Amino acid sequence: SLTYGVDAGVAHSDNVTLVPTDKVGQTMAIADVHFDYKQQTRRLDADAKGNFSYLDYLQNAYGNQVIGRFDGTARVALIPERLIWVVQDDFGQSALDPFTPTTPVNLENINYLSTGPDLHLRLGPANFVDLSARYARAQYETSPFNSNRLQGSAAWGRQLSAQSTLSVNADTERVMFENTALNVDFD
């Protein structure tokens, strides 16, 4: 299923720079688009949501910009109910300096993409083993935190009833930064 919407409008701020003195008034033209997509079949389970706005600062207080958020996950059953390949992407903005007003000059785009397999094994009628591995990439528009990540998890457990399980879990992650002059890789 797909639901979506598009709208446009005009807004005005008497203090677009969010400062206590020397306030700047600004009129903005705004166009928004949002969507929610879901598909579920025996082999594919996909869910994607997005909400984006295009801002045109008509008196040029800032350059035009697109802001918004996207969250999407796709699971492809290579072997249904046993081996699943997962792709997940999350995109949005964050403040460069959390102690100053959130204006266009204090925002950066951040994207986090991960992919890898999930393996689900049944050991008899009640016991199970779940294994997961991921490669992930964190990408920052400005901040020096770009990184590659390797993640893994394992769970051994027992299904106690249709609604409850008991398990022992282990997780590991390796973070490898591009900028090692400012950041230290860690596990």
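Is Phe-186 buried or partly exposed? At 42% relative accessibility, Phe-186 counts as partly exposed. That residue returns in point 2. This note covers a predicted model, and every value below is computed from it.

1. The whole structure holds 5 aromatic pairs. One of them joins Phe-52 and Phe-91. Their ring centres are 6.3 Å apart, and the planes make an angle of 35°. That makes the pair tilted. Phe-52 belongs to strand S3, residues 44–57, while Phe-91 belongs to strand S5, residues 83–95. The pair therefore ties together parts that are 39 residues apart in sequence. Phe-91 has 21% relative accessibility, so it counts as partly exposed.

2. Phe-186 is partly exposed, at 42%.

3. Six names to find on the model are Val-76, Leu-78, Ile-79, Trp-85, Val-87 and Leu-113. Together they make a nonpolar surface patch of about 490 Å². Which strand gives the largest share? Strand S4 does, with 3 residues. S4 spans 65–79, and both S4 and S5 supply at least two residues of the patch. Val-87 is placed in strand S5. With 37% relative accessibility, Val-87 counts as partly exposed.

4. The largest nonpolar core. This core has 5 residues. They are Val-16, Met-28, Leu-55, Tyr-57 and Tyr-62. Leaving aside residues up to four places away in sequence, which residues does Met-28 touch? On one side of the numbering come Gly-9, Val-10, Ala-11, His-12, Ser-13 and Val-16.

5. Salt bridges around Lys-49. The count of salt bridges comes to 7. In one of them, the side chains of Asp-36 and Lys-49 meet at 3.8 Å, N to O. Why does this pair tie together separate parts of the chain? Asp-36 lies in strand S2, residues 26–40, and Lys-49 lies in strand S3, so the parts joined are 13 residues apart in sequence. Lys-49 also meets Asp-47 in a salt bridge, at 3.0 Å from N to O. Because they share partners, the salt bridges join Asp-36, Asp-47 and Lys-49 into one network. How exposed is each member? Asp-36 is partly exposed, at 22% relative accessible area. Lys-49 is partly exposed, at 35%. Asp-47 is partly exposed, at 28%.

6. Arg-137 forms a salt bridge with Glu-178. The closest N and O atoms are 2.4 Å apart. This pair links distant parts of the chain, 41 residues apart. Arg-137 sits in strand S7, residues 127–140. Glu-178 sits in the segment after strand S9, which covers 165–177. Arg-137 is buried, with a relative accessible area of 17%. As background, side chains of opposite charge can pair when their charged atoms come close.

7. Positive phi at two loop residues. Most residues other than glycine have a negative phi. Against that background, two places deserve a look. Leu-18 has a phi near 55°, a positive value in a residue other than glycine. Leu-18 is in the loop between strand S1, 2–13, and S2. Leu-18 is partly exposed, with a relative accessible area of 44%. Glu-81 is not a glycine either, yet its phi is positive, at about 65°. Where is Glu-81 placed? Glu-81 is in the loop between S4 and S5. Glu-81 is exposed, at 64% relative accessible area.

Methods: Residues are numbered from 1 along each chain as its sequence is written. This is a predicted model: local features need pLDDT of at least 70, side-chain atom pairs count only at pLDDT 80 or more; totals for chains, interfaces and linings use all residues. Side-chain values use heavy atoms; hydrogens and water are left out. Rings of Phe, Tyr and Trp (its six-membered ring) pair if their centres lie within 6.5 Å; planes under 30 degrees apart count as stacked, over 60 as edge-to-face and the rest as tilted. Helices (H or I, at least four residues) and strands (E, at least two) are DSSP runs, numbered from the N terminus. Buried means under 20% relative accessible area, exposed over 50%, partly exposed in between (1.4 Å probe, protein chains only). Patches are made of residues with over 30% relative accessible area and no salt bridge: like charges are joined within 9 Å, nonpolar side chains (Val, Leu, Ile, Met, Phe, Trp, Tyr) within 5 Å. Accessible areas come from the Shrake-Rupley method with a 1.4 Å probe; for residues, only the protein chains shown count as cover. A salt bridge is a side-chain nitrogen of Lys or Arg within 4 Å of a carboxyl oxygen of Asp or Glu. A nonpolar core is a set of buried Ala, Val, Leu, Ile, Met, Phe, Trp, Tyr and Cys residues joined through side-chain atoms within 4.5 Å. Contact means heavy atoms within 4.5 Å.
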